[in-house]
Amino acid sequence: MKKAILISLLMLFALSLSATLGTTWNQYYFRFELINKVELQELTRMISIDNICGNWVYAYANDTEWEAFEKLGYRTQLLPAPSSQFTGTIARNPGEMRNWDAYPTYDAYVAMMTGFATSYPNLCQIVNVGTTVNGRQIIFAKISDNVASHEAEPELMYSGTIHGDEVTGYMLLLRLIDTLLSQYGSDPRITNLVNNAEIWIGPNTNPDGTYYGGNNTLASARRANGNGYDLNRNFPNQNGSTNTGPIQIETQVMMDFALSRHISLAANFHGGAEVVNFPWDYTYSLHPDDSWYISLSHVYADLVQANGPSGYFTSVSSNGVTNGADWYVIAGGRQDWMNYTAQSREVTIEVSNTKMPAASTMPNYWNYNYDAMLSYLEQGLYGIHGIVSDPYGNPLAATITVNSHDTAVSVISTDPANGDFYRYLNPGSYNLTISAAGYPDKVITGVVVNANQKTSLNVTMGELLHQQEISLAPGWNLLSFNIDLGENTIGTIFDNDLRQIKSQSATYSPLVPAHFNNLAGISSGKGYWVNNLSSENLVVQGNLLSTSSSQELASGWNLVAYLPDTQMAVSTALAGINAYLQEVRSLDSVWTPGGGSLSQMQPGKAYWIKVSQACNLIYP
Ligand SMILES: [Zn+2]
């Protein structure tokens, strides 16, 4: 008995050990010289290329990748892992983070994130979007006014440390959350952002990599996830195929999160270089919004170059921005996936040449980047802000195409919850096509976009059907419909209280055998006698008939529909046939050229009109 308990305890212990450590694997960090960059196209699918400096290629590999790469025979120099030089101060609780010059333990990080929601419940929610291979949380802060509701506002996302050993962005984003919350209401830029956007910030999206050596140290941080896969090479290609290994839990979590939101603008913070890298990474062909992406990237790069020390953000290009493929081609990166699958606009921001700078330098990086981080988010408040709804004002799922500009990878959709969309464009005038299932496409021409401004655009798909209400009195009524009755029949318009319908020449009654009825149906634009048992309100929907359609009147008496949608004096409504008009009768009153009791003609009614000769009646 005791033995059995001991064995199961041991088994439990072994299980929890493996759950904590995940798979054990080696990380190889190395460099090699490459004369012909074309070889990178193949290599980038085999190893995780991290940087290119001149002819030197810096890369990471796990055991399998290393084994395959070694066979190629490159002269390779193994390097100490970036985290091996880590000397950062560790904060064991949020209190020790107060000067932002210490890296948090994993528990201090989680405590800090949950603390934000506790301290600012009206502005901040903490969402655990998923659990990593080794059981850690991938946490995002949602920051917005009315944070509990999902408003028609652009959703903007910052995330960091998808590479576990690139931790500068981790610190910057934690501090950004704190600043957005603590300065709300006093700093006008921050107040404006929080009021007009839903901001999602996930400081560390690969905690298994960062805390590979355990929750209390960053000294063994690794680039890849707990299974040894580079998460930023792990996203599906545009055609759905995969690159490096099976889709990892962390990748799936990010994809599920992104697809459950409508992130319009995003950035992913990395380290190891200093540059804003914009799409595409996987191909040399340009994104349809290439010129907008260049302007957007400069919003960030120009500010950090101005606010940072000389040489900051020049590691890849002197102006601080680069097209991804121009730097080096990778496949399976999150930035590209966010663009071609999640319909977001995302760039990669490399914030420090050193992947794990001394914690004491973090306040400096904050000073270099703070203004740029706000300005980049503010770009999400500009461009075209639209709402697409049906004629009753209900939000619609719709796609928005910028004519002569968009391709399949740049078309965006509304968030069906609120019908809102955000289309960022360079200043100019654009024609948009809005498509929603069940409606004809709508083209909106000449939509003007100005720099650093929002253009509001509300789009209603389809037309609101007109609703006509006709009050039936018990007994005989004279009525007509001025809407297109569409599929409506006598059976759908009237109920069991109907006794008889008569047109000028035919009759229908449900009370007599069918072969006595010679009125086949009821039509719009015609007048009818209707005998009903009770008083009743008929409500029918349809498009209004054009009042300009003419009705042929014969000499003598005619039973005529009234087509206008407002009431009118008899002399006004019938001015077109004034020369021949002799008498007009409603159910209970009469008009003659000399006077009479009938003064107004009304929608829903029919009239007997007597003319001296055949003529065409067209209402005003
Ligand atoms: Zn990176």
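**View A. Tyr300 reaches partners well beyond its sequence neighbours.** Skipping residues within four places in sequence, Tyr300 is in contact (heavy atoms within 4.5 Å) with Phe269, Val276, Phe313, Ile349, Val351, Asn369, Ala372, Met373 and Tyr376. Tyr300 also belongs to the largest nonpolar core, a set of 70 residues, and joins Ile143, Tyr158 and Leu176 as those with the most contacts inside it. A nonpolar core here is a set of buried Ala, Val, Leu, Ile, Met, Phe, Trp, Tyr and Cys residues joined through side-chain atoms within 4.5 Å. Buried means under 20% relative accessible area, exposed over 50%, and partly exposed in between, using a 1.4 Å probe and protein chains only.

This is a predicted model, in which local features need pLDDT of at least 70 and side-chain atom pairs count only at pLDDT 80 or more, while totals for chains, interfaces and linings use all residues. Residues are numbered from 1 along each chain as its sequence is written, and side-chain values use heavy atoms, with hydrogens and water left out.

**View B. Helix H9 carries a kink at His298.** H9 covers residues 290-307 and has 18 residues, reaching 26 Å from its first C-alpha to its last, close to the 26 Å expected; that expected span is 1.5 Å times one less than the number of residues. Helices (H or I, at least four residues) and strands (E, at least two) are DSSP runs numbered from the N terminus. The kink in H9 is about 30 degrees, the bend being the angle between axes fitted to the seven residues ending at a position and the seven starting there. Look for the buried residues Asp290, Trp292, Tyr293, Leu296, Ser297, His298, Tyr300, Ala301 and Val304. Their cover includes strands E11 (263-270), E12 (273-278), E13 (321-323) and E14 (345-352), plus helices H11 (334-340) and H12 (362-379).

**View C. H12 is largely enclosed by the rest of the structure.** Of its 18 residues, 13 are buried. The end C-alpha atoms of H12 sit 25 Å apart, which agrees with the 26 Å its residues should span. There's a kink in this one too, about 45 degrees and centred on Asn369.

**View D. H5 and H6 both pack on H12.** H5 (residues 168-182) meets H12 at about 65 degrees, with the axes 10 Å apart, in a right-handed crossing. On the H5 side the contact uses Thr168, Met171, Leu172, Leu173, Arg175, Leu176, Thr179 and Leu180, while H12 brings in residues including Trp366, Asn369, Tyr370 and Met373. H6 (residues 188-196) packs on H12 at about 35 degrees, again with axes 10 Å apart, but its crossing is left-handed. Here Arg189, Ile190 and Leu193 of H6 meet Tyr370, Asp371, Leu374, Ser375, Leu377 and Glu378 of H12. Axes are lines fitted to C-alpha atoms, for helices over the stretch in contact, and angles run from 0 to 180 degrees between N-to-C directions. A crossing is left-handed if the near helix is turned anticlockwise from the far one by less than a right angle, and right-handed if clockwise.

View E. Asn277 counts as buried because its relative accessibility is 3%. Thr322 is 45 residues away along the chain, yet the two C-alpha atoms are separated by 5.0 Å. Beyond four places in sequence, Asn277 touches Thr322, Asn323, Gly324, Trp327, Gln335, Val347 and Thr348.

View F. Most residues other than glycine have a negative phi, and most peptide bonds are trans. Pro279 and Trp280 are joined by a cis peptide bond, with omega about 0 degrees; Trp280 lies in the loop between E12 and H9. Thr161 has a positive phi of about 60 degrees, sits in the loop between strand E9 (155-160) and H5, and is buried at 1% relative accessible area. Phe313 also has a positive phi of about 60 degrees; this residue is in the loop between H9 and E13 and is buried at 0%.

**View G. Gln500 sits in strand E24 (residues 498-502).** Gln500 is partly exposed, at 23% relative accessible area. Trp529 is 29 residues off in sequence and 7.9 Å away, C-alpha to C-alpha. Further than four places along the chain, the residues Gln500 touches include Trp476, Tyr508 and Trp529.
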